[in-house]
Amino acid sequence: MGNFHYDVLIVGAGVAGISCALVLGSALEKPYALNRKVGILLHHRNSHLNSALLNNAFGIAPGTNGKELLEKSILHLEKLYPDVELIPKEKAKEILALSEGFQLTTNKNVYTSERIVIATGYTSPMRIKGLEEYVVPHKKSKAEKERIQLKNVDHLVIKGLYVAGTLAGWRSQYSIAAGSGAAVATDILTEWNNGEHSKIHDKLA
């Protein structure tokens, strides 16, 4: 393992987590993002995508297999943005707020990070210690399903701690999750850019 301190650690490699990582990775050559370190824990995967058949997502060919798309998205991230560190086979166990940033403990290592993005989905009980006080019933799913979300305002739980995707209170829809993860990334880029609103657009020559 390389550097155990990050500027951003993303927990969850489903649609929201990967989308967040892709946008952050695409910005790491910008002057305001130079030398920033971004990592993503790959263990927490979106089980819904593993069984999905995508027919109604903008820009994705009808009939696309969700599991294959998930696998390709990780390869996409690895190939285009190798500065984003992929952390396989590690599951977040506890998050502790420090005087500056956070400490994240996994089943294998202990990391520190200025910011953390939680994108683990709403289907599993919250097993990450340190987040219990933010857990509330999901506001946009059937009550009998007992889904959860983290209390947040525009994806922000507390300073430096973000939530994306269904765990942020959004419905389980591919396009929504992708947008949620990208939105968190642009908010972080804006902070890095001293509050100047930032986004990343690649353009044809």
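In the predicted model, helix α1 passes helix α4 in a right-handed crossing. The two helices, of which α4 spans residues 174–192, pack at an angle of about 35 degrees, and their axes lie 7 Å apart. On the α1 side, the contact is formed by V15, A16, S19, C20, V23 and L24. These residues meet Y174, A177, A178, G181, A182, V184, A185, T186, I188, L189 and W192 of α4. By class, the contact of α1 with α4 comprises 14 nonpolar and 3 polar residues, with no charged residues.

Helix α1, which covers residues 15–26, also packs against helix α3, residues 66–80. Here the axes come within 10 Å and cross at roughly 20 degrees. An angle under 35 degrees counts as roughly parallel, and α1 and α3 are therefore roughly parallel to each other. The crossing of α1 past α3 is left-handed, whereas that of α1 past α4 is right-handed. From α1, the residues I18, A21 and L22 take part, and they meet S73, I74, H76 and L77 in α3. The residues of this contact divide into 5 nonpolar and 2 polar, and none is charged.

Residue S26 also belongs to helix α1. The side chain of S26 reaches back to the backbone oxygen of V23 at a distance of 2.7 Å; V23 is also one of the α1 residues that meet α4. When neighbours within four places in sequence are left aside, S26 is in contact with Y81 and I200. The C-alpha atom of S26 is separated by 17 Å from that of Y6, a residue 20 places away along the chain.

Strand β1, residues 5–11, contains D7. The relative accessibility of D7 is 13%; because buried means under 20%, D7 counts as buried. Two polar contacts involve the side chain of D7. In one, the side chain of D7 pairs with the side chain of R36 at 3.5 Å. In the other, a polar atom of the D7 side chain lies 2.7 Å from the backbone nitrogen of K37. With residues up to four places away in sequence not counted, D7 touches N35, R36, K37, S113, E114, R115 and W192. Of these, W192 is also among the α4 residues that meet α1.

Technical notes. Residues numbered from 1 in each chain as written. Predicted model: local features only at pLDDT ≥ 70, side-chain atom pairs only at ≥ 80, totals over all residues. Heavy atoms only, no water. Axes fitted to C-alpha atoms, helices over the stretch in contact; angles between N-to-C directions. Helix = DSSP H or I, 4+ residues; strand = E, 2+ residues; numbered from the N terminus. Parallel < 35°, antiparallel > 145°, perpendicular 65-115°, else oblique. Left-handed = near helix turned anticlockwise from the far one by under 90°. Contact = heavy atoms within 4.5 Å. Nonpolar A, V, L, I, M, F, W, Y, C, P; charged D, E, K, R; others polar. Polar contact = N/O pair within 3.5 Å; in protein donor to acceptor, adjacent residues only side chain to side chain. Buried < 20%, exposed > 50% of the residue type's maximum accessible area, 1.4 Å probe, protein only.
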